[in-house]
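Please look through the sequence and the fold before reading on. The paragraphs below go from the ligand to the packing of helices.

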Amino acid sequence: MSSITDSLKCIKQQIVQAAAQCDRNPDKVRLLAVSKTKPAASVIEAADAGQRAFGENYEQEGVEKIRIIRSLRPDLKLEWHFIGPVQSNKTRPIAENFDWVHAVDRERIAKRLSDQRPEGMQPINICLQVNISGEVSKSGVAPEDVLALARAVSAYPNVKLRGLMAIPEPETDPVKQHEPFKAMKALFNQLQENGFDVDTLSMGMSADMVPAIQEGATIVRIGTAIFGARDYGGK
Ligand SMILES: *Cc1c(COP(=O)(O)O)cnc(C)c1O
């Protein structure tokens with residue numbers, strides 16, 4: 001048996017276990033179900049199993065899925081997180097349709113999201129993506145620039161800075177998996193010490209969820225372990 005409902009139950013048990021191992025309250029670790037490339041029907045199946053927060057990476061695919069699900073199932077009150085890289089010409093549909101954006105890595109994106117957030121909606125929740133593994137090609141703000149960017153984005157009224165996000169370089173050594181997460185937790189603490197009202201550390205995916213939780217993740221972003229492998233069909 002490998003239905004979405006069963007996989008969700010299994011992941012939630014793993015979250016509870018990982019939290020227990022390090023004396024954390026499992027309620028402080030939210031599960032974000034990453035539904036990119038998966039059909040609306042899979043999201044609805046997960047929602048009917050009690051899942052509320054969903055993550056999408058691609059603006060067009062995500063917005064279309066949100067619209068389909070809102071029209072098919074207006075009863076479902078889902079929370080939508082944009083977790084992909086944000087191009088500045090795609091900020092408007094994101095500001096109009098999503099509740100969270102995890103990968104803000106420059107001030108210009110925060111400004112556009114704030115300017116384009118429709119009147120009457122709550123400020124959009126944002127996390128700053130940190131390039132914690134220091135890879136040249138990856139997006140994310142450098143660790144030493146996090147405080148300055150946090151100050152800059154805090155000036156915009158329609159975005160709410162919630163915390164930090166990272167996608168560390170894949171690492172199979174379970175001991176080494178902890179290092180970037182530990183560094184993220186230190187940056188998060190630094191933000192709090194500097195007076196920022198942040199509560200979110202978005203880190204950990206299917207392959208490294210447990211070490212992320214042990215180092216302080218408050219949102220884990222899980223796709224494959226819930227919905228199965230993704231088929232990009234040459235995309
Ligand atoms: C795809 C993706 C995930 C989920 O990855 P899995 O390995 O399938 O759990 C999490 N975060 C981001 C930013 C992603 O792009």
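How far from an oxygen atom of the ligand does a polar side-chain atom of Arg-230 lie? The distance is 2.8 Å, and it belongs to a polar contact, that is, a pair of N or O atoms within 3.5 Å. A polar side-chain atom of Asn-57 lies 2.7 Å from an oxygen atom of the ligand, and for Thr-224 the corresponding value is 2.5 Å.

The model is a predicted one, in which local features need pLDDT of at least 70 and side-chain atom pairs count only at pLDDT 80 or more, while totals for chains, interfaces and linings use all residues. Residues are numbered from 1 along each chain as its sequence is written, and side-chain values use heavy atoms, with hydrogens and water left out.

Helix α1 (residues 4-21) packs against helix α2 (residues 40-48) at an angle of about 55°, their axes being 9 Å apart; helices here are DSSP runs of H or I with at least four residues, numbered from the N terminus, and axes are lines fitted to C-alpha atoms over the stretch in contact, with angles from 0 to 180 degrees between N-to-C directions. Ile-4, Thr-5 and Leu-8 of α1 make the contact with Ser-42, Glu-45 and Ala-46 of α2, contact meaning heavy atoms within 4.5 Å.

Helix α2 also packs with helix α3 (residues 59-72), at an angle of about 55° and with axes 10 Å apart. Here Ala-40, Val-43 and Ile-44 in α2 meet Lys-65, Ile-68, Ile-69 and Leu-72 in α3.

Notes: Helix = DSSP H or I, 4+ residues; strand = E, 2+ residues; numbered from the N terminus. Polar contact = N/O pair within 3.5 Å; in protein donor to acceptor, adjacent residues only side chain to side chain.
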